[in-house]
Amino acid sequence: MPTARPGTGTRPAVLVLALSLGVTTLSLLQSLVVPSLGRIEEQLDISAGAAGWVLTANLLAAAVLTPVLGRLGDLRGERPVILGILAVVSLGTLLAIVTTSLPLLLVARVLQGASYGLFPLSMSVLRRELPEGRLSVAMSVVSSTLAVGGVAGLVATGLLTGDGGDYRHPFWIGLAVALLSLVLTAWLLPSRRVTGSGRVDWWGAIVLGAGLVLLLLPLSQGPAWGWASPATVGCLAAAVAVLAGWVLLQRRTTQPLVRPAMLADRRTVVPNVAGFMTGVALFASFLAILQYVQSPPGITGYGFGAGVLEAAVVYLLPGGVVGIVVAPFAGRVVGHFGALPTLAAGALSGIAGFGVLAGLREEPWLVVLAGVLTQLAVTVAYAALPALVVDAVEEEETGVANAVNSIARSVGQALGSTLAVTIIAGSLDPVTGLPRAIAFTLVALIGAGASAVVVVVALLGMRGDRRGGRGRQRDPLADVERATAGAGEWSPVSGIR
């Protein structure tokens with residue numbers, strides 16, 4: 001991993017705090033609406049399919065905007081792009097609060113979709129501002145807020161809408177976090193001379209966005225459209241054609257949005273596949289646990305009859321707390337043992353967690369344990385993936401490379417949630433109208449399978465490293481810095497000296 005430039009005068013802990021809050025905005029706004037879809041459907045008097053577009057619109061906007069924003073950060077500097085994103089997200093969240101119209105709510109969710117660009121840009125800032133000895137821990141802490149913020153969003157929604165509250169109330173928390181992040185970023189994020197050169201490949205961005213929209217539409221709307229419907233099959237076929245055309249376009253473009261060689265490089269393929277599978281596992285875990293613990297045991301023979309708030313606080317929040325505690329240590333493990341072994345170890349935790357959820361879920365404490373183990377796997381993966389991406393690309397491509405990895409995770413999340421919803425909805429008991437227990441076993445097995453793929457990919461990556469060596473020669477000075485990084489004072493809160 002190339003050495004980032006030290007000596008910027010920016011305190012690492014303060015910088016990590018500001019960036020972590022921005023990434024929390026992303027995950028918070030992503031998860032706030034998940035438990036509120038029923039309330040949105042009821043209060044706006046719309047169908048369940050129409051309410052589902054509240055999630056879909058946000059995901060589609062993220063797919064289109066993330067690579068462009070990552071590339072803009074590489075070329076124009078991260079600070080102005082991050083500030084612009086936070087301003088747009090704040091405006092979109094305010095619109096979501098004041099509107100009672102579905103079309104305007106969808107516009108608000110599109111504006112909030114720009115928040116997905118905050119993560120890759122944050123990785124670029126850390127790489128530029130911090131020396132390598134502190135980089136892995138910093139990336140781990142910021143990355144962990146992707147999962148932790150998601151749990152916080154579920155808890156906030158449970159608190160504010162659990163007793164029939166307005167679906168718009170949780171957005172106030174999202175607005176407060178976005179505005180606080182905007183202020184802290186403007187105050188703390190340094191402005192540096194732009195080192196990147198070139199231009200944004202707008203045609204490449206348009207074609208890539210179209211291909212991703214065609215891919216994500218059927219993944220998110222498949223249960224409503226029908227998996228064999230002309231709309232679903234047509235969108236998937238068109239997505240394959242458009243994305244194949246995009247690859248050809250990138251090969252013929254002098255300054256492409258994403259270098260095709262970067263996409264085909266084993267060093268980027270490994271984190272992208274692992275990110276995709278981690279996204280599948282994350283949403284499979286969230287949805288399975290939430291649905292299972294809220295099921296009334298007197299009717300279904302399983303579950304604990306928990307409310308939305310209890311489901312989030314008792315069964316998901318412990319995993320979020322563990323993620324906060326583990327993140328700094330996971331970054332140090334990455335720096336000491338390497339990202340690939342750390343990724344494989346974390347995925348083993350995911351296999352164990354989903355195994356508990358599949359076969360040992362009769363007691364509440366076992367479901368809590370399953371949530372902690374799966375959350376631990378996601379936290380460790382989010383610590384290792386940015387390190388793998390940064391190690392694979394030059395500094396001027398950090399933003400767009402992490403944007404591609406973010407898209408891979410987002411597509412995995414869409415697929416994971418769709419698979420979970422489809423399996424649960426397809427197993428409804430005709431008498432009770434509630435899912436059969438086998439549905440949760442199948443969803444857990446999907447999560448375990450996704451985690452197993454992450455283990456295999458990490459092992460293959462390690463085997464490739466042993467055969468061909470690391471992709472880039474290491475800097476001896478960086479190795480000295482890393483070896484001596486343990487000297488000095490360590491903050492137990494952030495893990496950044």
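1. Basis of the model. The model is predicted, so that local features need pLDDT of at least 70 and side-chain atom pairs count only at pLDDT 80 or more, whereas totals for chains, interfaces and linings use all residues. Residues are numbered from 1 along each chain as its sequence is written, and side-chain values use heavy atoms, with hydrogens and water left out.

2. Overall fold. The protein chain has 19 helices and zero strands, where helices (H or I, at least four residues) and strands (E, at least two) are DSSP runs numbered from the N terminus. Of its 497 residues, 57% are buried, a term that stands for under 20% relative accessible area, with exposed set at over 50% and partly exposed in between (1.4 Å probe, protein chains only).

3. Surface. Carbon and sulfur atoms hold 68% of the accessible surface of the protein chain, which comes to about 19200 Å²; the areas come from the Shrake-Rupley method with a 1.4 Å probe, and for residues only the protein chains shown count as cover.

4. Largest cavity. The structure holds eight cavities of 30 Å³ or more, and the largest has a volume of about 230 Å³. Of the 20 residues that line the largest cavity, Q30, L146, L282, F283 and Q413 are the closest to its centre. On a 1 Å grid over the protein atoms alone, a cavity is a set of points where a 1.4 Å probe fits but cannot get out, a pocket is an open set with protein on both sides within 12 Å along at least five of seven lines, and lining residues have an atom within 4 Å of a point. Grid points are joined across faces, edges and corners, and a volume is the space filled by probe spheres set on the points.

5. Lining of the largest cavity. Helix 1 (12–32), helix 7 (132–161), helix 12 (266–294) and helix 17 (398–425) each supply at least two residues, and helix 12 gives the most, with five. By class, this lining has 13 nonpolar, six polar and one charged residue, where Ala, Val, Leu, Ile, Met, Phe, Trp, Tyr, Cys and Pro count as nonpolar, Asp, Glu, Lys and Arg as charged, and the others, Gly among them, as polar.

6. Second largest cavity. This cavity holds about 90 Å³ of space, and of its 13 lining residues T278, A347, A377, V378 and S451 are the closest to its centre. Helix 15 provides the largest share of the lining, five residues, and the lining as a whole has eight nonpolar, five polar and no charged residues.

7. Largest pocket. The largest pocket has a volume of about 1300 Å³ and is lined by 40 residues, of which V34, L37, L55, L287 and V421 lie nearest its centre. Helix 17 gives the largest share of this lining, nine residues, and the lining divides into 23 nonpolar, 15 polar and two charged residues.

8. A residue of helix 17. A414 is found in helix 17 and counts as buried because its relative accessibility is 5%. Leaving aside neighbours within four places in sequence, A414 is in contact with L59, L216 and L219; A414 and L219 are 195 residues apart in sequence, yet 6.3 Å apart in space, C-alpha to C-alpha.

Terms used: Contact means heavy atoms within 4.5 Å.
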